[in-house]
Amino acid sequence: MRKYLLLDDNEAFAENLAEILRDGGDEATVVTEGAQALELARAQLFDVLLTDMKMPGMSGASAVHRIRQVDPGLAAVVITAYPGEDDLETARREGLLAVLPKPVPIPALVSLLSEARRDGLVALVEDDLALSDNLTEVLRARGFSCITASSVLDADQLAAVRPFAALVDLRLPGGPDGEALRRLRARFPELPVFVMTAYPEVLHPEAMPEHAGVFSKPFDPAALLNELERVHASRARRTS
């Protein structure tokens, strides 16, 4: 049984979704204020947080940030009628499973929530935006949340999150080859890292973390996903 925390000041929408989730055999708790959601997250573990973006009092972005400080492994989905709002970028920096526009098709939302993974955040560091977007979508289809960076400087901003694995391009703007990899190693010494590169010849063996792999571009995304599945399953066994 999965446990969902639904935060929305539109209580009728949240209760309707909660009823659908409960009919599927899961547990769904509805709250209308960020402070209530934070209190519940301190008391128990949920699999997924679904939050509206614009609410009285604590915004959805603030709620995701504060709840993730309590429970870094919680998957988060944001829904919003204002996709251009400034707070949305703040929320994205927390590493979201998805941002969905209102009105949300309920069947698609339920399907997304059912696939979401606890402790499923992947750090994706890649300056090819087309590849980054493609991998983000592929990861989301498997229930993995994603936080992205496209330069060495952007990669430094990942220090505030807790991914279970990282996908890192070797050559990025803002530093020499492997600099983003080096900084991620310094911040997360035990993090499984998968290097994606079109220049495997410049990768020195001593630069590789103990738990790492190399995917030479172009590579098969399915093979990469299989490795992530293996690492995630291994982590789940160790923490259960």
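Predicted model: local features only at pLDDT ≥ 70, side-chain atom pairs only at ≥ 80, totals over all residues.
Colleague: What makes the protein chain as compact as a globular protein of its length?

Modeller: The protein chain has nine helices and 10 strands. Its radius of gyration is 18 Å, close to the 18 Å that the globule rule gives for 240 residues, so the chain is as compact as a globular protein of that length. Along the principal axes, the C-alpha trace spans about 55 × 35 × 30 Å.

Colleague: Which share of the residues counts as buried?

Modeller: Of the 240 residues, 48% do. To be counted, a residue needs a relative accessible area under 20%.

Colleague: Why is M196 called buried?

Modeller: Buried means under 20% relative accessible area. M196 has 0%, so M196 is buried. You will find this residue in strand β9, which covers residues 193-197.

Colleague: What does M196 touch, leaving out residues up to four places away in sequence?

Modeller: Its contacts include L124, V125 and E126, and also L167, V168, D169 and L170. Among the others are F215 and F219. A contact here means heavy atoms within 4.5 Å.

Colleague: And how far is M196 from A166 in sequence and in space?

Modeller: The two are 30 residues apart in sequence, and their C-alpha atoms are 10 Å apart. For the protein chain, 66% of the contacts with a separation of 6 or more come from residues 24 or more positions apart.

Colleague: Why are strands β1 and β2 said to pair?

Modeller: Two strands pair if there are at least two bridges between them. Strand β1 (residues 3-7) and strand β2 (residues 27-31) have five bridges, in the parallel sense. As an example, K3 has E27 in β2 as its bridge partner. Between these strands the chain passes through helix α1 (residues 11-23), and this β-α-β crossover is right-handed.

Colleague: How do you know that K3 sits over the ring of F46?

Modeller: One part of the test is that NZ of Lys lies within 6 Å of the ring centre; the other is that it lies within 35 degrees of the ring normal. K3 is at 5.4 Å from the centre of the F46 ring and lies over its face.

Colleague: Where does the charged end of R117 sit?

Modeller: It sits over the ring of F144, 4.1 Å from the ring centre. The distance limit for CZ of Arg is likewise 6 Å.

Colleague: Which residues do ring pairs link into a cluster?

Modeller: F194, F215 and F219. The structure holds three aromatic pairs, and rings pair if their centres lie within 6.5 Å.

Terms used: Residues numbered from 1 in each chain as written. Heavy atoms only, no water. Helix = DSSP H or I, 4+ residues; strand = E, 2+ residues; numbered from the N terminus. Right-handed = clockwise from strand over helix to strand, strands pointing away. Phe/Tyr/Trp six-rings, centres within 6.5 Å; stacked < 30°, edge-to-face > 60°. Rg over C-alpha atoms; globule rule 2.2 N^0.38 Å. Buried < 20%, exposed > 50% of the residue type's maximum accessible area, 1.4 Å probe, protein only.
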